[in-house]
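Subject: Structure for your review

Dear colleague,

Please find the structure below, handed over for your use.

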Amino acid sequence: MRRTLLTGNGAAAWGARLAEADYVPAFPITPQTEIIEALAGWSERGEMAGRVVTLDSEHSMLTAAAAAAATGVRVFTATSSQGLLYGMEMIYTAPGWRAPFVMVNVSRALASPITLEADHNDILAARDSGFLQIHCATCQEVLDSVLMAYRLAEHPQVRLPAIVNLDGFYLSFTREPVVIPDQEQVRRFLPPFDPGNVAFRADRPASQAALVLGGSLYSYFRYEAHLATLQALTAYEEVAQAFEREMGRRYPAVEAYRAEDAEYIFFLMGAYATKAKDAVNRLRERGMRIGVVRPRLLRPYPARILQELLRGRRAVAVIDQNLSMGMGGILYSELASALYGMKDAPMLVSYIGGLGGRDISTEELFTMAAQTREAADAGVTPEPRLLYTAAELREVRKMQTIAGSKLPGHMEGKNDE
Amino acid sequence: MFRIRFHGRGGQGMKTAANLLSRAFFLEGYEIQDAPRYGSERRGAPIFAYVRADREPILERGAITRPDLILVADDSLIHNPSAGVLQNVNSRTVLLIHSEVPGEVWKDRLQFPGTIIGLPLSAVARSGAQIPVVSASCTGAAAGLVGVIRRETLEPALREELTRLGESVIAQNLETALSAYDAMQPYAGCVKEGGALSAEDYAPPDWIEIPYEDSTISAPVIYRTATSEQIQTGLWRTRRPLIDYSHCNRCSWVCSTFCPDSAIHVDPDRTPHIDYEHCKGCMICLAVCPPHAIYMEKEQPAPIEGGAR
């Protein structure tokens with residue numbers, strides 16, 4: 001065991017190395033590239049036994065990952081954003097093969113317009129695919145979650161691929177102290193994959209994921225995949241306990257921070273959750289009983305745990321770093337569906353922010369806390385708020401003026417020619 | 001918590017400087033967080049990196065908005081608005097500029113509210129062929145200024161971060177870092193840890209309701225052509241190509257065709273002209289000119305008045 005400094009990307013690569021992945025099909029994309037660079041370097045220098053192969057696209061990469069997983073070897077891969085979307089046909093296809101592997105996604109907002117920085121619309125596009133999803137808030141959690149994801153995905157009751165998600169820039173390029181466990185320690189937690197029937201061989205041909213017509217057969221397989229995903233809720237608990245026993249770090253499916261006596265809750269996922277914790281510490285100094293609830297496991301959705309954690313609170317500020325066009329925040333609507341009809345359900349106040357890497361400042365978190373308290377006092381749920389400041393809009397006006405947009409006179413920026 | 005920002009250009013080693021400093025803090029028992037920030041990165045373009053260091057686990061994230069210490073690799077960045085060197089400075093901020101111009105002069109010029117220290121570039125950094133690499137100098141100076149990093153910690157910090165570059169690079173960088181550390185001893189400990197933001201006394205965000213606007217305005221379309229001309233990429237240049245017209249044979253096309261930024265224009269009489277507002281100093285023209293009529297000079301450190309070139 002060694003405590004050193006790693007970026008989120010470095011931590012993801014160490015996770016794959018310590019899991020002793022046999023095969024890593026890869027395709028580079030900012031901000032994920034460092035992960036496959038690190039793995040390729042280790043493989044080249046013989047420090048990692050697994051084979052790293054670059055493919056011609058994310059679609060091929062995912063096909064290679066799922067096909068290799070179907071032979072019963074341990075597979076790791078990684079992508080981000082547009083790459084994830086390019087592989088989307090296989091993202092939805094692979095879980096149906098019921099062959100486990102782990103993919104890291106480094107969240108980056110989607111085009112258009114194009115950017116490099118983080119939000120969660122990329123990973124949420126894979127929400128309904130059948131991949132398990134674990135979302136990380138620190139670099140340590142990235143390394144640990146890759147190890148946990150293997151054990152969860154390979155669990156005999158689950159047998160589904162898993163995605164571990166980390167935020168671009170805020171984790172991918174940010175270094176933090178990370179404990180790198182010893183290989184022996186990892187082997188005790190994560191023994192070699194026992195593939196059982198997941199053992200496709202050329203000399204024992206089988207037809208993987210056959211054509212089914214008529215609906216009934218199709219429904220059966222889809223329902224079974226859904227039920228297997230739900231099994232992962234129970235399996236997760238087992239995996240988290242085993243991980244804590246071996247490594248001493250506890251990762252519940254839903255993290256609750258200073259929430260025991262909290263009347264108010266910030267609800268969000270990803271790296272910004274640590275900022276919310278910081279705001280909670282400051283707000284508690286001023287007497288506000290507030291905490292953070294953060295789903296780590298998003299698929300399967302830990303609805304019962306959330307019901308237990310949020311019952312009886314006055315109000316929850318749900319911060320969505322994503323936007324479902326024409327609907328609003330995805331975490332908000334999922335949480336609302338989990339709490340609907342529950343006795344003593346809290347008021348939910350919806351905030352959309354952090355799109356394309358936009359910061360959510362501590363001052364904004366303070367203001368959300370204050371508004372959420374006011375809303376609870378008044379008993380009136382406010383409209384969802386799209387976080388944006390007057391200063392930001394002024395900057396947009398300048399750019400629009402340069403771009404030659406036909407702005408009405410009162411909107412023009414100072415730089416007009 | 002210490003909140004420290006490094007400003008420089010792509011290629012000057014700001015990411016490395018942040019890595020070296022955070023490693024030194026880490027070896028002294030601090031929790032740290034470091035990260036570089038850049039867009040579509042290019043050598044010569046302004047970038048910044050930051051370090052947070054605290055005795056407690058660090059929960060803050062993202063760019064530093066209340067800096068305790070800012071280190072500037074090269075004084076030509078001060079007047080480059082896109083570098084954002086002076087963003088969010090306050091009376092507690094210490095600003096260290098690598099510059100031949102003394103700190104007091106900078107303080108007066110910038111009407112800076114905090115402390116400014118000038119540090120001349122070391123001979124080693126200046127001798128660098130292209131962009132002066134100032135990571136080790138930044139790290140040594142920062143370590144000296146915060147007053148909680150021991151001199152002997154710099155060596156293991158550099159060794160850990162720079163192993164793959166080999167012994168001679170480590171030795172050279174260590175010498176630079178130690179000399180910057182020593183030069184800062186008169187100011188040792190002048191950088192103080194900043195506190196946490198109060199949840200009672202803070203400036204609330206100026207949130208607005210974002211208005212609906214029709215697609216003639218709100219689609220991300222650039223209607224105007226050649227808007228990239230407005231970005232003065234010439235500010236990224238650290239070396240300047242110059243044409244010796246007595247040797248130019250007026251071929252009319254080689255330098256202008258190979259210039260990747262279309263920054264060489266040719267007159268009807270076949271005389272080429274370099275557009276220094278946009279030339280990034282890649283020196284491809286110098287390499288391809290058949291009669292070797294293009295030569296190179298180092299860009300001078302910042303002209304204080306009147307800017308762009």
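**The contact between chain A and chain B**

A salt bridge joins the side chains of A:E176 and B:R61, with 2.8 Å from N to O. Please note that this is a predicted model. Between chain A and chain B the count is 9 salt bridges, and 26 residue pairs are in polar contact, both residues at pLDDT 80 or more. On the side of chain A that touches chain B, at least two residues each come from β1 (2-7), β8 (175-180), α10 (272-285), α13 (362-378), β15 (385-386) and α14 (390-403) of chain A. Of these, α14(A) gives the most, with 8 residues. Sorted by class, that side of chain A has 26 nonpolar, 13 polar and 16 charged residues.

In terms of extent, 55 residues of chain A are in contact with 45 residues of chain B. The two chains bury about 4,300 Å² between them, and 55% of this lies on carbon and sulfur atoms.

**The sheet of 5 strands**

Chain A holds an open sheet of 5 strands in the order β4-β5-β7-β6-β12, with mixed pairing. Its edge strands are β4 (76-79) and β12 (297-299) of chain A, each of which pairs on one side only. On average, neighbouring strands of this sheet are turned by 25° against each other, direction ignored. Helix α3 (residues 58-69) of chain A packs on the sheet and touches β4 and β5 (102-107) of chain A. The direction of α3 makes about 160° with that of β4(A).

One residue to look at here is A:I134, whose bridge partner in β12(A) is A:L297.

**The sheet of 6 strands**

A further open sheet of chain A has 6 strands in the order β9-β11-β10-β13-β14-β15, again with mixed pairing. β9 (254-257) and β15 of chain A stand at the edges with a single partner strand each, so one side of each is left without a neighbour in the sheet. Helix α10(A) packs on this sheet and touches β9, β10 (264-267) and β11 of chain A; the direction of α10(A) makes about 165° with that of β11(A). α10(A) is also among the elements that supply at least two residues to the side of chain A that touches chain B.

β9(A) pairs with strand β11 (residues 290-295) of chain A in the antiparallel sense, over 4 bridges. Within this pairing, A:E255 stands opposite A:R294 in β11(A).

**Backbone points to check**

Most residues other than glycine have a negative phi, and most peptide bonds are trans. A:R159 has a positive phi, near 55°, and is found in the loop between α7 (139-154) and β7 (162-167) of chain A.

**Salt bridges overall**

Over all chains, the count comes to 47 salt bridges. Among them is the one between A:R17 and A:E47, whose closest N and O atoms are 3.6 Å apart. This pair links distant parts of the chain, 30 residues apart: A:R17 lies in helix α1 (residues 8-18) of chain A, and A:E47 in the loop between α2 (33-44) and β3 (51-54) of chain A.

With kind regards

Terms used: Residues numbered from 1 in each chain as written. Chains lettered and ligands numbered in written order. Predicted model: local features only at pLDDT ≥ 70, side-chain atom pairs only at ≥ 80, totals over all residues. Heavy atoms only, no water. Pairing = 2+ DSSP bridges. Axes fitted to C-alpha atoms, helices over the stretch in contact; angles between N-to-C directions. Contact = heavy atoms within 4.5 Å. Buried area = accessible area lost by both parts, 1.4 Å probe. Salt bridge = Lys/Arg side-chain N within 4 Å of Asp/Glu carboxyl O. Polar contact = N/O pair within 3.5 Å; in protein donor to acceptor, adjacent residues only side chain to side chain. Nonpolar A, V, L, I, M, F, W, Y, C, P; charged D, E, K, R; others polar.
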